[in-house]
Amino acid sequence: MADGRFYLTTPIYYVNADPHIGHAYTTIMADIIARHHRQLGEDVFFLTGTDEHGAKIATSAEREGRTPREQADMLSARFRALGGVLDATNDFFIRTTDAEHEAEVQSVLSALHDSGDIYKGSYGGWYCAASEAFYPEPELLPGRLCPVHKTPVEWVEEENWFFRLSAYRERLLAHYDANPGWVLPQARFNEARRMIELGLEDLSVSRAQVEWGVPVPWDPEQTIYVWIDALLNYRTALGYARPGEDMVERYWPPDLQLMAKDILKFHAVIWPAMLMAAGLELPRRLMIHGYVLKGGEKMSKTTGNVVDPFPFIERYGIDALRYYLAREVRFGEDGTFTAEGFDARYSGELANELGNLLNRVVSMIGRYRGGVVPADPGGDADVAADVAAAAEGCAANFAALDLSRGVEDVWRLVQRLNRLVEQRAPWTLAKDPARAGELDQTLFSLAEGLRAAAIMLWPVIPGSAERILASLGQDPAATALAGAAWGAGAAEATVSLADQLFPRVEEEAA
Ligand code: ME8
């Protein structure tokens, strides 16, 4: 962003069941974006965490014979561990059971109550506990099933506290009209705008029958509706993520909030209205990505149609999963996860194209030049131009949140370098002392091109990119995107090959 800082969030995940590839997907995409912005030299704050209150969590805990607190502690730890395994560089992991968060939620709600935006009323409607949401009758599937979870809804009727959501219709529409790109992609923008246009009902923001939640400060018999509690995490986290430092001034509002389309309405309608009511600046952009599907259906904890990410990561390494998801699932569209597709990209692209390229470059420099990259003789302007084009294309696509295309831009460079090996045939050049200059040029260009590609790929495959840099005798921490410029690396570096990058999985198992 123009002001040099970048605040990025994922949804906070429910602690009702183990994480699956769908959650991994959002966190990985967020991490790619966070790393890319750090590469640009921006001051990044990346937030993720867990959503721990409400009927959904209480019920799942009961089913498992645990208290809600035990359930939340256990599953929140699983989500936190997933973040570690994913190599996610989030700056904080918020839990909505953090005392600081709970206190701040109460204070925001009290302010809305004091300003007249919250009033007492009664409400009856069809409720889906898995969605933690009411659905109007026409939206239900035949047999009174939740349109998202396809499970029975129940009639819930009680006296609650209500937020005057309907009063924000005009201001929300004005915000949409003044900020055409604020929800991406365009189809989701239109969808959210339509929801507002069709009219908004006031929102019940407390529950009389749910004990597991934050008490309504002026009416402790009720707890705060879990979605209100959850949405506020994006704001409360900044108050206590770094002890002694209030980061609201530094980072508010979020530059980018990621999520899938299941929670569009909460983020694109209710959240901005809440912020308007509280007199707070709205997020700058919401990016609504598609679903990771399995067998044509959304992966979902509630339906149990899930892929566990941990075994894939153990078998192929985390970078393979990051790369696969970034390339396979076009950001903003649905994509299908298959073990076969995963394996094909792993062996065809990561092992055969990238891993092999590194192998060949390092071993040829070892064989023909004693392991030292030759100084640049200055004759490969076309390769240099391809590197510059890849860097520009990748940065432009990342800025437009087209992560798949950004990776494709760099991959074309990887393929171009593989072709360069074949075209120049260093093994032939090496036989003819008169062509030593050509050989120097080729080996320099390959090492330099690969160094630049590694820097561009670093947000996607950080560990592997760092290993490539180290193998090329470069500083593995030198990942700033400016360093991808031709000739910006350390000159006459000494190469060395550590372990095989992306080894054959069969070999591993043997
Ligand atoms: O909705 N494909 O939590 P949640 C892609 N606690 N992304 C997926 C996915 C899939 N198959 N399945 C899940 C909640 N996700 C609330 C959020 S935020 C204030 C509160 C990702 O555990 C995606 O980001 O159901 C989706 O929006 C989110 O997980 C839902 O996670």
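User: How far is an oxygen atom of the ligand from an N or O atom in the side chain of His23?
Analyst: This is a predicted model, where local features need pLDDT of at least 70, side-chain atom pairs count only at pLDDT 80 or more, and totals for chains, interfaces and linings use all residues. Residues are numbered from 1 along each chain as its sequence is written, and side-chain values use heavy atoms, with hydrogens and water left out. A pair of N or O atoms within 3.5 Å is a polar contact. For the His23 side chain and a ligand oxygen atom, the distance is 3.5 Å.

User: What percentage of the ligand's accessible area does the protein cover?
Analyst: Accessible areas come from the Shrake-Rupley method with a 1.4 Å probe. On its own, the ligand has 670 Å². The protein covers 97%.

User: Which element gives the most residues to the shell around the ligand?
Analyst: The shell has 26 residues, each with a heavy atom within 4 Å of the ligand. Helices (H or I, at least four residues) and strands (E, at least two) are DSSP runs, numbered from the N terminus. With four residues, the top contributor is S1.

User: How many degrees lie between the planes of Phe312 and Tyr316?
Analyst: The whole structure holds 30 aromatic pairs, meaning rings of Phe, Tyr and Trp (its six-membered ring) with centres within 6.5 Å. Phe312 and Tyr316 are 6.3 Å centre to centre. Planes under 30 degrees apart count as stacked, over 60 as edge-to-face and the rest as tilted. This pair is stacked, at 15 degrees.

User: Why are Phe312 and Tyr316 separated by about one helical turn?
Analyst: An α-helix has 3.6 residues a turn, so residues three or four places apart point the same way. Phe312 and Tyr316 are four residues apart in helix H11, so their separation is about one helical turn.

User: Is Gln474 buried or exposed?
Analyst: Buried means under 20% relative accessible area, exposed over 50%, partly exposed in between (1.4 Å probe, protein chains only). Gln474 is found in the loop between helix H18 and helix H19. Its relative accessibility is 13%, so Gln474 counts as buried.

Terms used: A polar contact is a pair of N or O atoms within 3.5 Å; within protein, one must be able to donate a hydrogen and the other to accept it, and residues adjacent in sequence count only if both atoms are side-chain atoms.
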